[in-house]
Amino acid sequence: MYGMLFESIQFFIKQDYGTDIWSTVLEAAGIPNVIFIPHKTYPDEWMVNLAKATCQTLSNQNLNEVMLYFGTCFVNFCCKFSYDKILRLAGRNYRDFLNEIDNVHETIRFSHPKMQSPSFIVQSEDRNGCILIYRSMRTGFTYYVIGQLMQCAKMFFKVDVEIKVLEEIVTDKGCHVTFRLDYDNIGYTPPVGKGDSGVYLSSYPEIKSSTFFKLFPFCLVFNSKMKIIGAGGNLASLLRSQDLLGATVTDMFSLRRPLVDFTWTNTMCLQKVIFEVEWRKEEIQKDNSTLKPRRLGDEKPHSKRLLLRGQMKYIKDWDAIAFLCTPLLGNLDDMLKTGIYLHDLNMFDNSRDLVLAGQQCASDLEYSMEKQTAWSKQIEETLQKLDKARQQSENLINSMLTKSIADRLKQGDNAVSTCESFPQVTILFSYLVRFSDICTEGTPMQVVECIQNVTEVFDKIVDRYKLFKVETLGDGVYMVAGGVPDKCPEHAQKVAGLAIELVENAMYVKNPITGAGMQVRIGMHTGSVVAGIVGKRTPQYCLFGDTVNTAARMQTNSEPGRIHLTQPCHDCLKGSDYTTVYRGRINVKGKGEMKTYWLAGKKGEESTRTMCRIFRAEHLKRRQGSTENPYDLHGLHNSTSASNFITISDLNDEDERELELTLSSVFDDEDERISASMAKSNFDLNMARGFVEPIKSPDMTRGVVEPIKSPDMIRSLVEPINSPELTRGIVEPIKSPELTRGIVEPIKSPELTRGLAEPIKSPELTRGLVEPIKPTELPEPSKVTN
C-alpha cells in the first residue's frame, strides 16, 4: 500500500484533532516517528492498526466509522493537492465513473507499478442505482471503500449516495463484497434493442480476418467455448507455441485483472473494463535458429513473464471475443527480458512512445525516490533522537511535578491554578536510623552514595504503588503522599503497603560505615492538605497543612523497623487487608496526648503474627510494671529512637478492650503463651526486634547470633531469674554480699549509705569499697564521725 494513502490520514487527523493526537495514534499503532512517503510502499495491516489506534485514542468511534473517515480523507487529500483531475474526468456522471474505476487504476499503475488495486464491476443497474461488486486481495477495507465512493459522488458529481453491504465473503485470498448503491442514476438508459453504434456507409465492405490480425498484431480471439481460434502475427511469433490454436484460453493464459473468474459470461459483461492476462508458460520460447538469426533477447532464457493488457470486444460476425491488447512494458529493460523489440509494437496506439518516454521518466522517478527515501530515513532517525530526548525531559519534569500537573502546565495553565485543597490524603515520613552517625563518621561521597542507594530502592517501590514522592530531605527523611495530586479513594491502603515494603527493603541498603543493612522508622497520618506549585525559577509541587506536621511527629515517635499510625489513618485502614495494633496514648510535641497505633502488616502473613506477639508482650510487661527505667544510662546509650524519651500513658478500660479486640483476631493460644513468656523474661523487649530487624548492641545479640556458654545466663533469657545469687554474675562477679545491697535491694542502714552520697572520711568505712569488711571490724555506731 502506497504512502499516499497514509499521508492523507496523517494530514486530516492533524488538521481535525491536532498533532498530539496523531503522535498518540502512531504510538498506539506501534509505528512512532514514521514519515510516510507518497511513492513508498508500506504494509497493508498498518492501515487497520492505525484505525484501531484511532478508536482507542478518540474513544467515541468504532472501527467501521474510523475506516469510513479514512476513506473520505483520501478523496479530500486528492482534491487538496490537485490529484483529483483524473477522478473528475473519469466520466460525465456518477454512473460512468463507477464503470471507469478499474481503468483509472490501470492508468495510475504506470506511475505506481507496485500498486495492488482492487476491482470494481457494475453487475446491474437501474434508474435508482446499481449493484456494485468489489473484489480485493486485502481484507478489512470494506468501509474504507464506502467512504471513498460516497465522497467521490458528493465532491465530483454532487450526488448523495446511500450504500448498503448486501454480501461480504472473506477468504484467505481476499474478499468479495456486493454493494447496493442508491442514487439518482441520470446516465442510465434502458436497453431498447440490439444494434451497432457508429456512423458508416451502408456499402462499406466487411474486412477480412487477415486484415484484422495485421491491424492488431497482438490480439487474441476465442469463442464461447473459450477455445483460441486466432492470434495476431506478432503474438504468435513471440509465443512460438504449436499448441496455441485450438487450445483453451484459460490453459494458456491466467487472468490478473479484473479479479473475476475467466469465463465467457464475465468477459461479455466486462467489455468496458481493462483486462490484463499473463502467459502461463515457464519461459517464452526462443526462436528457431535455423529459420532466422538469433535475436538479442534469445541469448539466455527470458526471466520475465509476458503480460498483455487491453480490452475485450465481442465480434458478432465471428461470435467470438477479440482481446485487443499490447504487451505491458515499463521500460527498455522489460523489453530485453521479454524478447520484444520496438519493431514489434504498434505505432497507432503510442506503445513505442510510452516505452521510450517511460524509460526516461522511470529513471528520473527512481532517482527522486532514492533521494526522498534517504531524506525520509534521516528525518526518522532525527525524530527518534528527538523523541528520546523529549521523553527524558518529560520523565524529569514528571518526577518533579507529577505527570498530571506537568500536562496542565504544558497546556498553558498558570502555576497558581494548580493549587487546590485535598480533604483526604495520607502522608508518610520515613527516617534512616543512625543516618547522623553516617554523616559524622563517613566521607561526603559515602553519605551521598547512601542517599542515592536508598532513593533508587525506595523510588521503584513508590512508582509501583503509583504514589507521589514529595521529596528526599538531607537528614535521611523520605516523604511520600497518597491521594495527591491524583485523587485516589484507597490512598491509605496504598501508603500502608508502601510502608511495609520500605521496612522490608531497607535491609538491602548497606551502611557505608559498617556494611550492615539499614533500618527505617516510619510515621503515617491521614488528613487534609493544600498542594500546589511553588516557585518560578525552580518550581516544586509542595504540600502544606497540619497533616504534614503530624505525620512527621509520628515518624519521630516511632521505633526502628516499625510503622507508627495516627487515629485517622487507623480508621482509614479499618476493614482493609492490613492489621493495626493499639499502641497507647502518647504526648506529642505541639499536639498533646494522641491515640496512636502500630501497623503490624498484612492479614494472614507470618510476619504480622510475629509483630503482634511482640506488641502483646510489650503491653503485658508494661502492665505488670516491669518496663525499663527511662533514665537507665545503658538504655539511653543504646537508644536509636526518640520514642525512648516519650511517656506512654497507661491504658484505660476502653483502650484495653480495643487492644484485646485487635489481637484476638490474630492470636491463638500458642501466640498468647509465647507473648506471656516474652513478657516474663528479664531481657529487654527491644531484643525481640531481632525477629524483624538487626540488633546492633553486642550485649543483646548474645544468644541470638552466637551461643551463650553460661547456663546461668541462658536461663535468664527464657525464664525469670528468682535467685539473687544468679543475677549477680550477669554483668560482673560480686564477691562481697554486703556490697550487693543497694544494687538489688534498698540499703536501709544510714551508716552504709552515707558513702554513696558524700565523701567518707573514716578510713575504716572506705575499706568496704575496695575489700570485704568483716562484721567484727565494724565500729560502734556512736563512734561514727558526722
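The accessible surface of the protein chain comes to about 44100 Å², and 53% of that belongs to carbon and sulfur atoms; areas are Shrake-Rupley values with a 1.4 Å probe, and for residues only the protein chains shown count as cover. This is a predicted model, where local features need pLDDT of at least 70, side-chain atom pairs count only at pLDDT 80 or more, and totals for chains, interfaces and linings use all residues. Residues are numbered from 1 along each chain as its sequence is written, and side-chain values use heavy atoms, without hydrogens and water.

Of the 786 residues in the chain, 43% are buried, meaning under 20% relative accessible area, with exposed over 50% and partly exposed in between (1.4 Å probe, protein chains only). The chain has 29 helices and 18 strands, taken as DSSP runs numbered from the N terminus (helices H or I, at least four residues; strands E, at least two). Among contacts with a separation of 6 or more, 64% join residues 24 or more positions apart; contact is heavy atoms within 4.5 Å.

The axes of α1, residues 3-17, and α2, residues 19-28, come within 7 Å and cross at roughly 135°. Axes are lines fitted to C-alpha atoms, for helices over the stretch in contact, with angles from 0 to 180 degrees between N-to-C directions. The pair is therefore oblique, the class left after under 35 degrees (roughly parallel), over 145 (roughly antiparallel) and 65 to 115 (roughly perpendicular). Ile9, Gln10, Ile13, Lys14 and Tyr17 in α1 meet Thr19, Ile21 and Trp22 in α2.

Last, Phe544. This residue is in strand β15, residues 540-544, and counts as partly exposed because its relative accessibility is 44%.
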